[in-house]
Amino acid sequence: MRRSVRAVVGGLSAVAVCAAAPIAVADGCGLFVDGVNYTGRHGCVLLGEDAIQDFQNDSDSVVTIYADATCQGVSSGVLSPHDSGPFTGKSMIVS
């Protein structure tokens, strides 16, 4: 029982740290594109213009980036969990 309580308290502590972090800084708790927080979004997400953008994927999700605004066609990049880099794209699929 004590281990269960410790696990729950530890998990809640990690959530609290992530929730309290500044949005514009990639802090190990989410998905950021040019400093914009996309944490919690899933499926096809519109990014705006087709330009080089800095991706910081500190989530457990795989992100596929597309030049097309509808997340179709050939991808311009795939970002693994806890990876980062510059990619060109108008949309992304967060799985």
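Trainee: Is the disulfide of Cys44 and Cys71 right-handed or left-handed?
Mentor: Look at the torsion about the S-S bond of Cys44 and Cys71. That torsion is about 90°, so the disulfide is right-handed.

Trainee: What kind of model is this?
Mentor: Residues are numbered from 1 along each chain as its sequence is written, and side-chain values use heavy atoms, leaving out hydrogens and water. Local features need pLDDT of at least 70, side-chain atom pairs count only at pLDDT 80 or more, and totals for chains, interfaces and linings use all residues, the model being predicted.

Trainee: How far apart are the sulfur atoms of Cys44 and Cys71?
Mentor: The structure holds 1 disulfide. The term asks for two cysteine sulfur atoms within 2.5 Å. In Cys44 and Cys71 the sulfur atoms lie apart by 2.1 Å.

Trainee: How many residues apart in sequence are the parts that this pair ties together?
Mentor: Cys44 sits in strand β3 (residues 43–57). A strand is a DSSP run of E, at least two residues, numbered from the N terminus. Cys71 sits in the loop between β4 (63–66) and β5, so the pair ties together parts whose separation in sequence is 27 residues.

Trainee: Is Cys71 buried or exposed?
Mentor: Buried means under 20% relative accessible area, exposed over 50%, partly exposed in between (1.4 Å probe, protein chains only). Cys44 has 44%, so Cys44 is partly exposed. Cys71 has 8%, so Cys71 counts as buried.

Trainee: Which are the edge strands?
Mentor: The open sheet has 6 strands in the order β2-β1-β3-β6-β4-β5, with antiparallel pairing. Strands pair if DSSP finds at least two bridges between them. Each edge strand pairs on one side only, and the two are β2 (36–37) and β5 (75–79).

Trainee: Which residue in β2 is the bridge partner of Phe32?
Mentor: Strand β1 (residues 31–33) pairs with β2 in the antiparallel sense, over 2 bridges. Across to β2, Phe32 has as its bridge partner Asn37.

Trainee: What is the C-alpha to C-alpha distance between Ile93 and Val78?
Mentor: Ile93 belongs to strand β6 (residues 83–94). Ile93 is partly exposed, at 29% relative accessible area. Beyond four places in sequence, its contacts (heavy atoms within 4.5 Å) include Cys44 and Cys71. Val78 is 15 residues away in sequence, and the distance in space is 9.5 Å.

Trainee: Which residue has the backbone oxygen that the side chain of Asn57 reaches?
Mentor: Asn57 is in strand β3. Asn57 has 0% relative accessibility, so Asn57 counts as buried. Beyond four places in sequence, Asn57 contacts Gly30, Leu31 and Pro81, among others. At 3.1 Å, its side chain reaches the backbone oxygen of Ser80.

Note on methods: Helix = DSSP H or I, 4+ residues; strand = E, 2+ residues; numbered from the N terminus. Polar contact = N/O pair within 3.5 Å; in protein donor to acceptor, adjacent residues only side chain to side chain.
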